[in-house]
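Please look over the sequence and the model below before reading on. The paragraphs that follow lead through a few of its parts, one after another.

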Amino acid sequence: MRLVLFRIATKLHILPLLRAVFHKLPLAIARGCLRLGLPRLALLFCALAGKFSRGAHRVAWVKAQAFEALGEQEKARQQRIFRLRLLLAEQTARKDLAKVLVSMADLERLDAAAPLATGRIIADHIVRDKGRPKLLKAARKAKKRFRESAFLDHIIALCESMDGKFHGAAQRISRVIASPYPTPRSVNALQLKLLESTWRVVDQIAREQMDWAEAPDVKVPKIAAQEQQPANIPSLSFKERALQRRQRDEYLEMCQQDFEIADTLEKRLAAISDMLRSGVRHVPDYTASYEQARRCLEHVHPEIEALQQPGALSDLKKVESAVQSMCTYMRLAKRLGELGCVSQTATYLGHLSENPEFCSAMWIAPTVLHKDAEVPELAAQVMQRVQQAPPKINADVRAFFQWAMHAHRYEEADSFFEKLPEKLRSRHGVLYYVNILQRQGRFAQALKILRVVHAQILLNPLRVNAYTNYSLIKRTGELRFLIETARLYETVPQPQDPKGLVLVAPRNIDQLRRQPLMVLQELKKQGWAVVPLVEGLLPRQETGIPGIDLLNGAIHANTELSTAANLALPELENFNFVPEKGHLSWGQIDLSHALWEDAAINRRRHSIHWTCPELIHYLSGLAKWTRSTGRVLSYVTNLQRARGIPVCSLVPFNIRLPDVVSRFYCDSLGKPDDFFCVQFANGYQNYFTNFSTNVSQRMVVRNVTKASHVRSVAFPIPENFERYYAANTHRLTEVMERFAPITTVKRSTEGSKGRPPEADMLDERIAAWRAKGGKVACAFGKVVCDSGVPFDGGPAHKDMRDWINHCIRAVQGSDTLLLIKPHPHELNNQIATFPTEYFRDLIDEPLGDNAVFLGHRWFDMDDMRSRMDVGVIYNGTTTIELGLMGIPAILAGHYSPIDYPIGQVTFDDAAEFEALLRFEKPAVSAPDVQERAAMWLDYMANENFTQPYRFHARPVTNKVLYPPYWFQSDLKEHEREGNPAVAELAGRIIGTHFEPGDVHATHSLEHRGLAFSI
């Protein structure tokens, strides 16, 4: 009826008159009634004014004031919420971001949610590089009106940080936390939670850019203490900040205080969980954290036992709370090695689920029973009982999808989602279903659901989880990358009668984007089937051969094998993993050094605390991946023999777990042309560009089964280099001129302001030493966790620590002054990545009168020319630089003369090493060492060696480039003209193309120089 009257009024052109009479006039009277102190009468006129939908937000505003005057605060709050939602609907439709954020800040004070469309427009802007600047501008404008808004602080800090301005963002958030704006207590507590989680996100972004959000109080090299900048931050302390700044003792003290003042079991368990958290920058050892958590868990054990007594749980509410606590307790007990407690509680939960009245409170139990108690059959039984009643809340949905993901019940998850009511399909718990969809290869559907969930989590500005918001930004980028990758991958079909197999095993999206994805396409074109071993990263393309297709997605994302693969793949014999002793082996294959490599990289140090529980947890995951990979390799051995086609295992790391097992297995049981391991890597461009770009432009691949004596595919094979050198001697003058400036690059002193007095004092000491007839040697350090070798040691030393301490002992009482120069990259987190140990820390011997430790920023390489007579190197490109300068270098590591075959000095045993270092035996390098060093660089810069390959963003440093993306310009150029490098790399994988200097290469000795800036 109202619609009919509206149409008639519109046709008669009297709508404005009616609106004035029946809306504006009553509303004006209502406002007048408020001014006269007549709120009830005002409400009557508001009812009349509200008959017209337009301007309803004005009516709601007056009604809110009237209810406030009557003391009915909740009704006033609801009217304010109603008003703001009406405004947001209009503002969102107009895409007026500034006004949207003003209304969101107003809504924040009311602890209420906005319409879903508003969440969508914010989410759509925040996930796009072009959208964030617009959102930031609008947020800053809104902030002028609502200075106290934590939601706006979050938006501003996130957008600024993702644009690289995380230092200022972190300091502002810290100041607000230290001096919060006055708001109601309930609002203030939630704002503080949002601000602290925002600080965590800002620090996470800083960590990804290899920086600190705020200057930390961390251990630094003793000699370089003056190089650190003091912190410039407000005086405050909160747990997240202490955790991420490596203030472990302070952090644990806060956790203990939380435990002691907790007034519920749930809060006590939460405090214990916090004790086990590790920051984004590791500390060397977490043993103290685990011991403290274990002591606290013992205190709550009687409370858990009391819950399990007959009659203790009498109603559904108590059961719900108790089950939640028992599941948290089981997770903690499993992590802390209290397996008896886990088993006892699991048994109790199984019995409890037999009571139909309590099942609706037990959705969370199956996941913990499957993952932590490791009783999958019981977990499935409990879930079957629980599902007799439909899920009611988001937590129920989350719990089901968690269980389905861990139990690999993907089809059940699909059915469960289809039956969900609409309101539960957009909640946070559905994110686990997004993971399941990815594992099924349904990337587009996963992204569609993710976008709705992302919008949903932004609706209540006071309850936004900052970390979840940032995670979903990255997750959106991941899925977009997977969608584009799948589109490209499926343009080339899988060969149905393959000439050979290429096994690839990226374990996550970051590893996928490092793969030579365009080369995989070329391999399929050439008749080789590409088989992804891990589910959910590449589309499933079958060959039609069951024995091969079994391997496609054979490994689940949690390291377990699929049901079919688990039945078909042989179990491993003599697989021994003893993490407390740093030991891992499979039969005759010793993987212990690879275990050290991963431990050193993870802990950013050389000296490993093998008994650290957190480290054991990390390494156990790698051991599981290694076992699953080993089972695949055992199966493929028989498959290769049966079908008679070559098999290539394509890996990014040939010295880290689990990839190293492919290299060692093929070394032992494979054949270079039949069953072999190929490593791919970024081309070694940083040495030439001095880290001027973060994106790799080059790629190199090599059959490491064929060249098993070489450790790095980024360096020339010595035999190839010799042939290349011999064939290019006519170019020596040109090559020498081109690469002579390499040693003048300021890798150490860049950014420093002159030399410190200690450096001048050292020059005086060197002059005095030489005046007495003494000689000067210089030992060059490395980033201590940067090893990258299949095995460590050399002719006289077991590792780098042994080597440097032997150097110091050897020169004592001699005429040798030993300078020890630390690597400048120890202070460059793009490379060193927040080390917990420095080269100086490896030195156990007293320096005495014959050794001196230099500062990182004292001297560049060229500065050392006049300050030393011989170099001492464990391994590193310093070998080449000294060669260019004509300075002999004593090479101590086994792989050093293999990596750099330019004729530097080697030795056979400790006695000869000492004689060389004490100048009792002359250290003589090859007479053409300078020419060979320059030619080595020429080889490295040869376009016939490393191939031009960009296509998708692959980082060249430890700085995070995420989420991944494709270079559309490269794809279009390749589609239009073709990239010869793609075919070249594919040919090297299957053995039809060769590196420069290879005896089989027809054009291997040609030179095509790269346009690297030096």
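A residue is called buried if its relative accessible area is under 20%. With that cut-off in mind, and remembering that this is a predicted model, we can turn to helix 24, which runs over residues 466–489 and is mostly covered, since 19 of its 24 residues are buried. From its first C-alpha to its last, helix 24 reaches 35 Å, which is close to the 34 Å expected at 1.5 Å a residue. The N-terminal end of helix 24 is capped by N465, whose side chain places an oxygen 3.0 Å from the backbone nitrogen of Y467.

Two packed helices are described by the angle between their axes and the distance between the axes. Helix 5 (residues 73–94) packs with helix 6 (residues 97–108) at an angle of about 160 degrees, and their axes are 9 Å apart. Because of that angle, helix 5 is roughly antiparallel to helix 6, and the crossing of the two is left-handed.

Strand 3 (residues 575–578) and strand 4 (residues 583–586) pair in the antiparallel sense over 4 bridges, and F575 stands opposite W586 in strand 4. These strands form a hairpin with 4 residues between them, and in the turn G582 has a positive phi of about 65 degrees.

How values were computed:
Residues numbered from 1 in each chain as written. Predicted model: local features only at pLDDT ≥ 70, side-chain atom pairs only at ≥ 80, totals over all residues. Heavy atoms only, no water. Pairing = 2+ DSSP bridges. Expected span 1.5 Å × (residues − 1). Buried < 20%, exposed > 50% of the residue type's maximum accessible area, 1.4 Å probe, protein only. Polar contact = N/O pair within 3.5 Å; in protein donor to acceptor, adjacent residues only side chain to side chain. Axes fitted to C-alpha atoms, helices over the stretch in contact; angles between N-to-C directions. Parallel < 35°, antiparallel > 145°, perpendicular 65-115°, else oblique. Left-handed = near helix turned anticlockwise from the far one by under 90°.
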